[in-house]
Amino acid sequence: MSETAPTLFTRIINREIPADIIYEDELCIVIHDIAPQAPIHVLIIPKQPIARLADAAQTDQSILGHLMLVAGDVARRLDVDDAFRLVVNNGADAGQTVFHLHLHILAGVKGSKEFFETDIGG
Ligand code: 5GP
């Protein structure tokens, strides 16, 4: 695969690979994770493919802010805005498997102390 090959998430954005898309705007999509690690597990993915958060530049400030605002909005729509985790795995050693930046929203049963005390690894 060449370095410029589209990422898995770009292929989902381009509808070449099916996914359960629950939100889309001009800058990002939000999909259900194929292998959920919590009762609610969605991915917020910028259309512009940045490989890792650590590769983001100053010029990416507005898209990064947008992803955070979408996270809050999606959490409200999913009715988990009182209790959710936002996770970014950066680098293979941190559990990153898809090298196209994405934010995980993970939410369990409302008020579940057990869920929110569990470490989320990759
Ligand atoms: P990472 O490990 O890179 O932080 O997260 C990648 C996430 O993408 C994983 O949680 C994994 O389950 C999810 N994933 C991988 N392939 C697909 C796919 O084809 N469709 C969807 N919806 N999620 C995927």
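Colleague: Let's start with a single side chain. Is arginine 11 buried or exposed, or partly exposed?
Modeller: Arginine 11 is partly exposed, because its relative accessible area is 35%. Buried means under 20% relative accessible area, exposed over 50%, and partly exposed in between, with a 1.4 Å probe and protein chains only. Bear in mind that this is a predicted model: local features need pLDDT of at least 70 and side-chain atom pairs count only at pLDDT 80 or more, while totals for chains, interfaces and linings use all residues. Residues are numbered from 1 along each chain as its sequence is written, and side-chain values use heavy atoms, with hydrogens and water left out.

Colleague: OK. Which side chain does arginine 11 meet in a salt bridge?
Modeller: That of glutamate 16, with N to O at 3.2 Å. A salt bridge here is a side-chain nitrogen of Lys or Arg within 4 Å of a carboxyl oxygen of Asp or Glu. Glutamate 16 is partly exposed too, because its relative accessibility is 45%.

Colleague: How many salt bridges does the count come to?
Modeller: The count is 6 salt bridges.

Colleague: Which residues are linked in a network of them?
Modeller: Arg15, Glu24 and Lys47. Glutamate 24 pairs with arginine 15, where the closest N and O atoms are 2.7 Å apart. Glutamate 24 also pairs with lysine 47, this time with the closest N and O atoms 2.9 Å apart.

Colleague: And where do lysine 47 and glutamate 24 sit in the chain?
Modeller: They link distant parts of the chain, 23 residues apart: glutamate 24 is in strand 1 (residues 21-24), and lysine 47 is in the loop between strand 3 (40-46) and helix 2. Helices (H or I, at least four residues) and strands (E, at least two) are DSSP runs, numbered from the N terminus.

Colleague: Why does lysine 47 count as partly exposed?
Modeller: Because its relative accessible area is 26%. Glutamate 24 is partly exposed as well, at 35% relative accessibility, and so is arginine 15, at 48%.

Colleague: Let's zoom out. How many helices and strands does the protein chain have?
Modeller: There are 3 helices and 5 strands. From the N terminus the order is α-β-β-β-α-β-β-α.

Colleague: What share of the residues counts as buried?
Modeller: 38% of the 122 residues in the protein chain.

Colleague: On to the ligand. How many residues surround it, and which are the closest?
Modeller: The ligand has 16 residues around it, the closest being Asp33, Gly95, Thr97, His102 and His104. To be near, a residue needs one of its heavy atoms within 4 Å of the molecule or strand.

Colleague: Which element gives the most to the shell?
Modeller: Helix 1, with 3 residues. Helix 1 (8-13) and strand 2 (28-32) each supply at least two residues.

Colleague: What do the ligand's oxygen and nitrogen atoms have around them?
Modeller: A ligand oxygen is 2.8 Å from an N or O atom in the side chain of histidine 104. A backbone N or O atom of valine 98 lies 3.0 Å from an oxygen of the ligand. A ligand nitrogen is 3.3 Å from a polar backbone atom of isoleucine 34.

Colleague: Histidine 102 was among the closest residues. Where does histidine 102 lie?
Modeller: In the loop between strand 4 (85-87) and strand 5 (103-107). Histidine 102 is buried, because its relative accessible area is 8%.

Colleague: What is histidine 102 in contact with, leaving aside its neighbours within four places in sequence?
Modeller: Phe9, Leu43, Ile44, Ile45, Val87 and Val88. Contact means heavy atoms within 4.5 Å.

Colleague: Last one: where is leucine 64 found?
Modeller: In helix 2 (residues 61-77). Beyond its neighbours within four places in sequence, leucine 64 is in contact with Leu53, Ala56 and Leu101. Leucine 64 counts as partly exposed, because its relative accessibility is 23%.

Terms used:
Polar contact = N/O pair within 3.5 Å; in protein donor to acceptor, adjacent residues only side chain to side chain.
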